[in-house]
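Morning, everyone. I have one protein to walk you through today.

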Amino acid sequence: MAIDAAATDHTHTRICPLCEACCGLEIRTRTSAEGTAIVSIRGNDADPFSHGYLCPKGVALKDLHEDPDRLRQPMRRRADRSGFDPVGWDEAFEEIARRLPPLREQFGADTVALTIGNPASHKIGLFSYFLTSRARWARATCSPPRRWTRCPSNSPAA
């Protein structure tokens, strides 16, 4: 592997998105003519809460990011149901806006549900983001929630 003299390395500090613990991350990236790649992800020693600790899920973030099967854009099912084709975000949202109202008309206001789970339900910023910008289409087409439920896997043992 040749070393690219023009490549630049960067260190980014973020929080892990996988659970409510919000462990601090130190993400090292390298940018070259081919693009930007993650070099490593480790716990951030300077994080005041996690103090550099990172669980196995956090350690696996690089593998998750680079997984060739990871969805990176919207996909539309082919008419013959033989697979999926990539589409742009604008096209995907236009199709949702076109197809969702007739379903609501045919089956009622409870046809569509918005589910927010871990970690967004534990992070007020993410939760607020979902309830405002990302759920506008849902508020325009659906009735308010009739009840709030809780994921059984997050419930205390009986």
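Start with burial. The protein has 158 residues, and 21% of them count as buried. Keep in mind that this is a predicted model.

Now the surface. The accessible area comes to about 12200 Å². Carbon and sulfur atoms account for 57% of that.

Next, the layout. We have five helices and five strands. In sequence order, the pattern is β-β-β-α-α-β-β-α-α-α. What about contacts across the sequence? Take those between residues at least 6 apart: 31% of them join residues at least 24 apart.

Let's go to the strands. E1 covers residues 8-15, and E2 covers residues 24-32. The two run antiparallel, with eight bridges joining them. To find your place, look for His-10, which stands opposite Thr-29 in E2.

Move on to E2 and E3. This pair is antiparallel too, and eight bridges join the strands. Which residue in E3 is the bridge partner of Ile-27? That is Ile-41. E2 and E3 make a hairpin, and two residues sit between them. One general point while we are on strands: in a regular strand, side chains alternate between the two faces of the sheet.

Now follow the chain out of E3. Between strand E3 (35-43) and helix H1 (56-59) there is a loop, and Asp-47 is in it. Is Asp-47 buried or exposed? Buried, because its relative accessibility is 11%, and the cut-off for buried is under 20%.

What does its side chain reach? The backbone nitrogen of Ser-50 is reached by the Asp-47 side chain at 2.7 Å. For Phe-49, the backbone nitrogen lies 3.0 Å from a polar atom of that Asp-47 side chain.

On to the outside. Leu-71, Met-75 and Phe-84 make a nonpolar surface patch of about 310 Å². Leu-71 belongs to the loop between helix H2 (61-66) and strand E4 (75-77). Its relative accessible area is 63%, so Leu-71 counts as exposed.

Last stop, Gly-88. This residue is in the loop between strand E5 (84-86) and helix H3 (89-107). Gly-88 is partly exposed, at 38% relative accessible area. Where is Gly-88 relative to Met-75? They are 13 residues apart along the chain, and their C-alpha atoms are separated by 8.4 Å. Met-75, remember, is one of the patch residues.

That's the tour. Questions, please.

Terms used
Residues numbered from 1 in each chain as written. Predicted model: local features only at pLDDT ≥ 70, side-chain atom pairs only at ≥ 80, totals over all residues. Heavy atoms only, no water. Helix = DSSP H or I, 4+ residues; strand = E, 2+ residues; numbered from the N terminus. Buried < 20%, exposed > 50% of the residue type's maximum accessible area, 1.4 Å probe, protein only. Contact = heavy atoms within 4.5 Å. Areas by Shrake-Rupley, 256 points an atom, 1.4 Å probe, with all protein chains shown as cover. Polar contact = N/O pair within 3.5 Å; in protein donor to acceptor, adjacent residues only side chain to side chain. Patch = residues over 30% accessible without salt bridge, like charges linked within 9 Å, V, L, I, M, F, W, Y side chains within 5 Å. Salt bridge = Lys/Arg side-chain N within 4 Å of Asp/Glu carboxyl O. Pairing = 2+ DSSP bridges.
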